[in-house]
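Here are a few notes to read alongside the model.

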Amino acid sequence: MKNHSPKIFQKPRDTIGALRKRIRLIVEKLHAAYGEADLGNLENPVDELVFISLTRRTSGRSAHRSWNAVANAGGPATLVDMPEEVLTELLRSGGFSRQKARWIKQSLDMVRREMGALNLDATLSWSDEKLEQFLRSLPGINIKSAKCIMLYSMGRQVLPVDTHVRRVAARIGLVSEGLSESRIHRELEMAIPRRHRFGFHVNSVWHGRLVCKAPRPNCDSCIIRQHCDTGRSKHHKESTNVIGSE
């Protein structure tokens with residue numbers, strides 16, 4: 001039977017206690033730097049559902065431009081009965097407008113049909129697992145999108161993993177490279193305590209955008225370098241090179 005524990009648990013130097021301390025220090029330092037700054041997500045779950053659909057395959061700026069067009073048109077309550085070709089044109093500037101219009105129309109129709117209204121109030125008593133399963137059944141909503149809706153607009157302590165969170169977590173050493181979407185979400189949620197998941201997610205996004213960039217991290221400016229496998233490895237190599245040149 002395969003061991004599906006996070007990679008970090010398998011390292012002799014990282015006992016569970018040491019892991020928890022390292023994560024706490026990382027979360028604290030990232031919070032001190034970024035303060036869980038707003039990423040532009042929305043408080044209403046149905047609004048967030050539409051917004052998250054708009055973020056697929058486009059830049060944040062384009063997604064917000066598309067959302068502003070949706071809001072000015074009357075919001076999700078207007079979209080659900082809007083002809084698909086009209087919605088496609090409304091979303092034209094954000095790219096993949098035909099596909100997104102189809103996703104959004106079908107998703108809103110499913111929510112209204114299943115919930116009896118265009119809201120997710122009926123899910124308030126659901127478990128995280130049941131809620132995630134329902135959201136992932138909606139067109140265009142993958143595991144990351146479902147967890148974003150749950151975290152940002154429904155107060156669920158889950159941990160969405162986007163490209164920035166994946167990169168930061170792998171470089172720190174919390175997970176292995178190349179994990180599937182489902183497995184990296186599972187392993188990071190195993191590693192990060194519930195109370196730290198929102199802060200770790202939001203601040204890792206900012207850290208990934210500003211410091212821990214692809215393809216090359218700026219380790220010299222990194223506030224969590226001493227707690228990061230990549231940062232410590234780079235520092236060790238630099239120290240070795242200096243000693244070797246003396």
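This is a predicted model: local features need pLDDT of at least 70, side-chain atom pairs count only at pLDDT 80 or more; totals for chains, interfaces and linings use all residues.

1. The largest cavity has a volume of about 80 Å³. Its lining counts 15 residues, and those closest to the centre are Cys 212, Pro 217, Cys 219, Cys 222 and Cys 228.

2. Who else lines that cavity? Helix H9 and helix H12 (229-245) each supply at least two residues, and H9 gives the largest share, with 3 residues. Sorted by class, the lining of the largest cavity comes out as 9 nonpolar, 4 polar and 2 charged residues.

3. Now for the largest pocket. About 650 Å³ of space lies in it. Look for Thr 55, Gly 60, Lys 144, Asp 162 and Arg 209, which lie nearest the centre of the pocket among its 26 lining residues.

4. Next, the H2 and H3 pair. The axes of these helices sit 8 Å apart, at an angle of about 140°, so H2 is oblique to H3. H2 passes H3 in a right-handed crossing. On the H2 side the contact involves Asp 47, Val 50, Phe 51, Leu 54 and Thr 55, and these meet Ala 63, His 64, Ser 66, Trp 67 and Val 70 of H3. By class, the contact of H2 with H3 has 6 nonpolar, 3 polar and 1 charged residues. Thr 55 takes part in this contact and is also one of the residues nearest the centre of the largest pocket.

5. Last, H7 and H8. Helix H7 (residues 128-136) packs with H8 at an angle of about 125°, their axes 9 Å apart, and the two are therefore oblique to each other. H7 passes H8 in a right-handed crossing. From H7 come Asp 128, Leu 131, Glu 132, Leu 135 and Arg 136, which meet Ile 143, Ala 146, Lys 147, Ile 149, Met 150 and Met 154 in H8. The residues of this contact divide into 7 nonpolar and 4 charged, with no polar ones.

Conventions
Residues are numbered from 1 along each chain as its sequence is written. Side-chain values use heavy atoms; hydrogens and water are left out. On a 1 Å grid over the protein atoms alone, a cavity is a set of points where a 1.4 Å probe fits but cannot get out, and a pocket is an open set with protein on both sides within 12 Å along at least five of seven lines; lining residues have an atom within 4 Å of a point. Grid points are joined across faces, edges and corners, and a volume is the space filled by probe spheres set on the points. Axes are lines fitted to C-alpha atoms, for helices over the stretch in contact, and angles run from 0 to 180 degrees between N-to-C directions. Helices (H or I, at least four residues) and strands (E, at least two) are DSSP runs, numbered from the N terminus. Angles under 35 degrees count as roughly parallel, over 145 as roughly antiparallel, 65 to 115 as roughly perpendicular and the rest as oblique. A crossing is left-handed if the near helix is turned anticlockwise from the far one by less than a right angle, and right-handed if clockwise. Contact means heavy atoms within 4.5 Å. Ala, Val, Leu, Ile, Met, Phe, Trp, Tyr, Cys and Pro count as nonpolar, Asp, Glu, Lys and Arg as charged, and the others, Gly among them, as polar.
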